[in-house]
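Thanks for coming, everyone. Please take a look at the structure on the screen, and I will walk you through a few parts of it.

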Amino acid sequence: MSSPSDAPVLPVELTAAIVRAGYYPALVADIVAAALVREPIVDHLVHLETTFDRDVVRRHITVLVLTPSRLLIAHADDHADEPPAPQDVATATTESIPLSAVRGVMLTHVVESPSTYVPGSLGREVTLTLGWGTVARLDLVPASCADPDCDADHGYEGTVTGDDIALRISAAADGDDALERALSFARELSAAIGQG
């Protein structure tokens, strides 16, 4: 049986990025290290997102790690424990995707004042979307017909949407370094899946 001490040590740069994000760094580093299985790291991206749910602030961290053969995705979230227990709970999940299964890397650039765009700047915000087709969402609605007086049951119609991961990185919110890191990671991953 393996122990936590058997987990690989993360590179200094990745550990520093996890610590900088500030979301339970020891926990996040451990779940990433445990999922690596001693495989070397080619590149990484750490993204912290804060959301507001009524009067509660929730944090969510995503760590993307590119290895020679896999894309590792680690998520950790805040969850309030069920009442009456006042204790906070964090959930942490990792998913390991073979690079051969990654179907796409999409970058959406947000460019303010495109008429004065400076070549090479690529805007101040990107959304990085990754698709691998493991999970899909099915949205169904009652089907209808064009006859406004029809009350027949027409069954259901719907759409199947891949449940990809999308990370929004903004220079204004996350800093110029975070934006550059996201662009660099997207290039590395695109090159890695293009070689397959």
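How many bridges join strand β5 to β6, and do they run parallel or antiparallel? There are 7 bridges, and the two strands run antiparallel. Before I go on, please keep in mind that this is a predicted model.

Let's stay with that pair. Strand β5 covers residues 104-110. Strand β6 covers residues 125-131. To find the pairing on screen, look for His109, which stands opposite Val126 in β6.

Strand β6 also pairs with strand β9, residues 165-170. Here 6 bridges join the two, and again the run is antiparallel. Is β6 mostly covered or open? It is mostly covered, with 6 of its 7 residues buried.

Now the nonpolar core. The largest one has 22 residues. Which of them touch the most other members? They are Leu64, Leu71, Leu130 and Phe185. The elements that give two or more residues to this core are β2 (56-66), β3 (70-80), β6, β9 and α4 (176-194). Helix α4 gives the most, with 6 residues.

Let's zoom in on Leu64. Leaving out residues up to four places away in sequence, Leu64 touches a list that includes Leu128, Leu130, Ile165, Leu167 and Phe185. His44 is on that list too.

So, on to His44. His44 sits in strand β1, residues 43-53. Is His44 buried or exposed? His44 counts as buried, at 5% relative accessibility. Setting aside neighbours within four places in sequence, His44 is in contact with Glu13, Leu14, Ala17, Leu64, Val65, Arg181 and Phe185.

Two of those contacts bring us to charge. Side chains of opposite charge can pair when their charged atoms come close. The whole structure has 6 salt bridges.

Take Glu13 and Arg181. Their side chains meet in a salt bridge, at 2.5 Å from N to O. Glu13 is in helix α1 (residues 12-21) and Arg181 is in helix α4, so this pair ties together parts 168 residues apart in sequence. Glu13 is partly exposed, at 48% relative accessibility. Arg181 is also partly exposed, at 22%.

Arg181 has a salt bridge with Asp43 as well, at 2.7 Å from N to O. Asp43 lies in strand β1 and Arg181 in helix α4, so this pair ties together parts 138 residues apart in sequence. Asp43 is buried, with a relative accessible area of 7%. Through shared partners, Glu13, Asp43 and Arg181 form one network of salt bridges.

One further pair: Arg70 and Glu39. Their side chains meet in a salt bridge of 2.7 Å, N to O. Arg70 is in strand β3, while Glu39 is in the loop between α2 (25-36) and β1, 31 residues apart. Arg70 is buried at 14% relative accessibility. Glu39 is buried at 17%.

Last stop, the cysteines. How many disulfides does a search of the whole structure find? The search finds 0. Look at Cys145: the nearest cysteine sulfur, that of Cys150, is 3.5 Å away. Cys145 is partly exposed, with a relative accessible area of 35%. Cys150 is partly exposed too, at 31%.

How values were computed
Residues are numbered from 1 along each chain as its sequence is written. This is a predicted model: local features need pLDDT of at least 70, side-chain atom pairs count only at pLDDT 80 or more; totals for chains, interfaces and linings use all residues. Side-chain values use heavy atoms; hydrogens and water are left out. A disulfide is a pair of cysteine sulfur atoms within 2.5 Å. Buried means under 20% relative accessible area, exposed over 50%, partly exposed in between (1.4 Å probe, protein chains only). Helices (H or I, at least four residues) and strands (E, at least two) are DSSP runs, numbered from the N terminus. Two strands pair if DSSP finds at least two bridges between them. Contact means heavy atoms within 4.5 Å. A nonpolar core is a set of buried Ala, Val, Leu, Ile, Met, Phe, Trp, Tyr and Cys residues joined through side-chain atoms within 4.5 Å. A salt bridge is a side-chain nitrogen of Lys or Arg within 4 Å of a carboxyl oxygen of Asp or Glu.
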